[in-house]
Amino acid sequence: MGKTWTEYERKAWAPPEKLTVSQCADRYRVVSAKESSNPGKWRSSLTPYLIDIMDAMGDRKCEMVVVKKPAQVGVSEATRNGIFYWVKFDPGPCLLVYPNELSTREQVEERLKPMVRSSLVAETTEKASDIKLTKLALTSMEIYVGWATSPQRLASRPVRYVILDEVNKFVDWSGKDADPISLAKARTRTWKRRKKIVLLSTPTIREAQISKAFEDC
């Protein structure tokens with residue numbers, strides 16, 4: 001006589017859902033009032049121009065995503081949907097890089113920590129110390145956070161995912177180390193074709209980082 005599986009066993013053995021990043025966000029992402037002026041379930045239909053950007057972050061055939069954008073159009077939130085997807089369905093160590101320590105603190109306190117509390121409760125550990133400024137340790141993966149003016153934070157640990165936010169605001173680097181973007185990219189080498197690098201910024205001059213990266217695509 002065959003054994004009847006429990007609901008828990010069926011869920012444990014079920015194949016993972018095949019969702020794009022935008023579909024994952026629509027189904028599972030909840031945005032708090034601290035993160036958005038439109039709190040509640042994420043709806044990609046409100047910002048359809050972000051769908052291709054989000055889905056590229058989950059496409060394994062795409063190793064680099066470059067977004068040259070206007071200000072305040074939701075692209076940074078779209079990248080957080082990418083992080084949310086990676087945590088849920090395709091985990092790997094991740095590095096986020098912001099222009100300076102102040103912007104890093106603002107992003108961690110006002111965006112990343114609220115996202116974890118509102119949408120990733122099941123992936124958090126019981127240790128409060130696992131969620132801090134420079135590292136968010138979740139059950140499925142670790143998210144490291146650094147800033148462009150501190151190259152030592154960008155030159156260790158291999159990572160699979162890198163997001164470089166507002167690269168045109170990164171300081172011109174003249175030290176003995178490589179520039180922040182090169183340092184961050186170098187950390188993905190061991191992941192080879194499974195890596196993902198995301199650059200985004202509002203444009204300034206044609207010779208700036210985001211314009212050069214966009215033209216190189």
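The largest pocket of this predicted model holds about 930 Å³ of space. A pocket here is an open set of points on a 1 Å grid over the protein atoms alone, where a 1.4 Å probe fits, with protein on both sides within 12 Å along at least five of seven lines; its volume is the space filled by probe spheres set on the points, which are joined across faces, edges and corners. Lining residues have an atom within 4 Å of a point.

The lining of the largest pocket comprises 34 residues, and Gln72, Gly74, Ser76, Arg80 and Arg111 lie nearest its centre. Strand S2 (40–41), helix H4 (75–89) and helix H5 (101–119) each give two or more residues to this lining, and H5 gives the most, with five. Helices (H or I, at least four residues) and strands (E, at least two) are DSSP runs numbered from the N terminus. By class, eleven lining residues are nonpolar, eleven polar and twelve charged.

The second largest pocket has about 160 Å³ of space. Eleven residues line the second largest pocket, with Val167, Phe170, Val171, Asp172 and Gln209 nearest its centre.

Turning to the backbone, most residues other than glycine have a negative phi. Glu166, however, has a positive phi near 55° and is found in the loop between strand S7 (161–165) and helix H6 (180–186).

Residues are numbered from 1 along each chain as its sequence is written. Local features need pLDDT of at least 70, side-chain atom pairs count only at pLDDT 80 or more, and totals for chains, interfaces and linings use all residues, while side-chain values use heavy atoms, without hydrogens and water.

How values were computed. Ala, Val, Leu, Ile, Met, Phe, Trp, Tyr, Cys and Pro count as nonpolar, Asp, Glu, Lys and Arg as charged, and the others, Gly among them, as polar.
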